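Q: I have a new structure open and would like to learn how to read it feature by feature. Could you walk me through it?

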Amino acid sequence: MRANDPEDVVAGSAHEDAHLAADTATPETLPYDPGGDVEEAVAVDVAEVRPELADPTTVDAIVAPSRDVHVAEGEPLLSMRDVTMQFGGLTALDHVTFDIRRGEILGLIGPNGAGKTTAFNAMTGVYRPTSGTVLFDGEVIGKAARNEITRRGIARTFQNIRLFGEMTALENVVVGTDARHRTSVPGAVFRTRRHRAEERDAIDRGMALLEFVGIGARATERARNLPYGDQRRLEIARALATEPKLLCLDEPAAGFNPAEKESLMGLIRHIRDDGYTVLLIEHDMRLVRGVTDRIVVLEFGRKIADGTPEEVTSDPAVVAAYLGVPDDAAVPDLPEIGGPTTGAAPTTGGTR
Ligand SMILES: Nc1ncnc2c1ncn2[C@@H]1O[C@H](COP(=O)(O)OP(=O)(O)OP(=O)(O)O)[C@@H](O)[C@H]1O
């Protein structure tokens, strides 16, 4: 199990055993696992870096993406081209084509079972499409290991929060920075100058990211002790720590009250304004409409709409998909979708 692999990060899991050293640490001197195959914990003085992060201008500059992206602002960063995904006799995606443009917040919505997660998995290399192509920053994405996808520049958060519960907030974020480290294992073990510099950068960037998402003051608290909303923010900070070209948020507002949703919208806009491209899968239509630049709608594995929030939410086909009413029956306000009362699409079965 690699420490920087988000799929393996589950709050309260057996993985905590690997990080028991944190239990015996003083609040100021925290051991952290630099990730990869290095097993030896390294002492890090968190208190030393905190005062440097008081200036919000510095925080924004540190957090802003620094990787080379081949496509220009507004051009397609990720393209789904005629993607079909079949599971046995079930067609979960049916010739789906859409782009995520560099610098935008794209919402991907649709009723339960519409194919959102499947599209997400095809984009992030979890599935190889049955046919069609996914292009990311000029390269074809096939099936790829998760760390390879992270390395290429796609980061994601999960519907169900996955954090190292016994690690501090800062440690969780520093683990995310490992994806960008270049030090060899011997370099880490012998603590070469480059390794120490990377370690220092990781801590500075980790603190800046925590400040950026609004939980800087909680840097030394264990992830499992953070309030629910702060855990969701921590997941976002950790995803950003991998320096992604594309940040994918899978239902980041699940379980939030209206005030928390409002605050999350502000954070997502801030992330976009800082230079990131964001894909948002979310059931809450108010949030999707309030924060996205464009929306793609799936139903039964097919794309039924693609446009601005205003265009999409007034599209009779979208209204019908959500409410199960005839296409010509305009309904001005779409409700939150995906709950048990939506009658548009079955969650399973049927050939899509
Ligand atoms: N690995 C799989 N094997 C078989 N069928 C699958 C698999 N993954 C998804 N499906 C099916 O594909 C269809 C689309 O599912 P998907 O999870 O992509 O929808 P969704 O829009 O994400 O739904 P939800 O909003 O409920 O998460 C569903 O009928 C689902 O049962």
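A: Gladly. Let's begin with strand pairing: two strands pair if DSSP finds at least two bridges between them. Please keep in mind that this is a predicted model. Here, strand β11 (residues 294–299) and β12 run antiparallel and are joined by five bridges.

Q: Which residue stands opposite Val296 in β12?

A: That is Asp306.

Q: What is the strand order of the sheet that holds this pair?

A: It is an open sheet of six strands, in the order β8-β9-β10-β5-β11-β12, and its pairing is mixed. β8 (154–156) and β12 (302–307) each have a single partner strand and stand at the edges, so one side of each is left without a neighbour in the sheet. Ignoring direction, neighbouring strands of this sheet are turned by 20° against each other on average.

Q: How many bridges join β3 to β4?

A: Eight bridges join strand β3 (residues 76–87) to strand β4 (residues 90–101), and the two run antiparallel. One of the pairs is Gln86 with its bridge partner Thr91 in β4. Together β3 and β4 make a hairpin with two residues between them. In the turn, Gly88 has a positive phi of about 60°.

Q: Let's move to helices. How do I think about residue positions along one?

A: An α-helix has 3.6 residues a turn, so residues three or four places apart point the same way. For this model, the count over the protein chain is 12 helices and 12 strands.

Q: How many of the nine residues of helix α5 are buried?

A: A residue is called buried if 20 or more other C-beta atoms lie within 10 Å of its own. In helix α5 (residues 169–177), nine of the nine residues are buried, so the helix is largely enclosed by the rest of the structure. Glu171 and Asn172 are among them. Over the protein chain, 43% of the 352 residues count as buried.

Q: Is Arg238 buried or exposed?

A: Arg238 counts as buried, because it has 29 C-beta neighbours inside 10 Å. It is found in helix α8 (residues 228–241).

Q: Which residues have the most contacts inside the largest nonpolar core?

A: They are Leu209, Leu210, Ala237, Leu247 and Leu280, in a core of 80 residues. Helix α7 (residues 193–213) gives the largest share of this core, eight residues. The core also draws at least three residues from each of domain 1 (6–67 + 156–250) and domain 2 (76–152 + 267–323). Take Ala237 as a case: beyond its neighbours within four places in sequence, it is in contact with Val173, Leu209, Leu210, Phe212 and Val213.

Q: How many residues does the contact take from domain 1 and from domain 2?

A: The size of an interface is often given as the accessible area lost when the parts come together. Here we can count residues: the protein chain is divided into domain 1 and domain 2, and their contact takes 16 residues from domain 1 and 20 residues from domain 2. On the side of domain 1 that touches domain 2, α2 (56–63) and β9 (246–250) each supply at least two residues. β9 brings the largest share of that side, five residues. By type, that side of domain 1 divides into nine nonpolar, two polar and five charged residues.

Notes: Residues numbered from 1 in each chain as written. Predicted model: local features only at pLDDT ≥ 70, side-chain atom pairs only at ≥ 80, totals over all residues. Buried ≥ 20, exposed ≤ 12 C-beta atoms within 10 Å, placed from the backbone. Helix = DSSP H or I, 4+ residues; strand = E, 2+ residues; numbered from the N terminus. Axes fitted to C-alpha atoms, helices over the stretch in contact; angles between N-to-C directions. Core = buried A, V, L, I, M, F, W, Y, C linked by C-beta atoms within 7 Å. Domains from an automatic or database assignment. Contact = placed C-beta atoms within 7 Å. Nonpolar A, V, L, I, M, F, W, Y, C, P; charged D, E, K, R; others polar.
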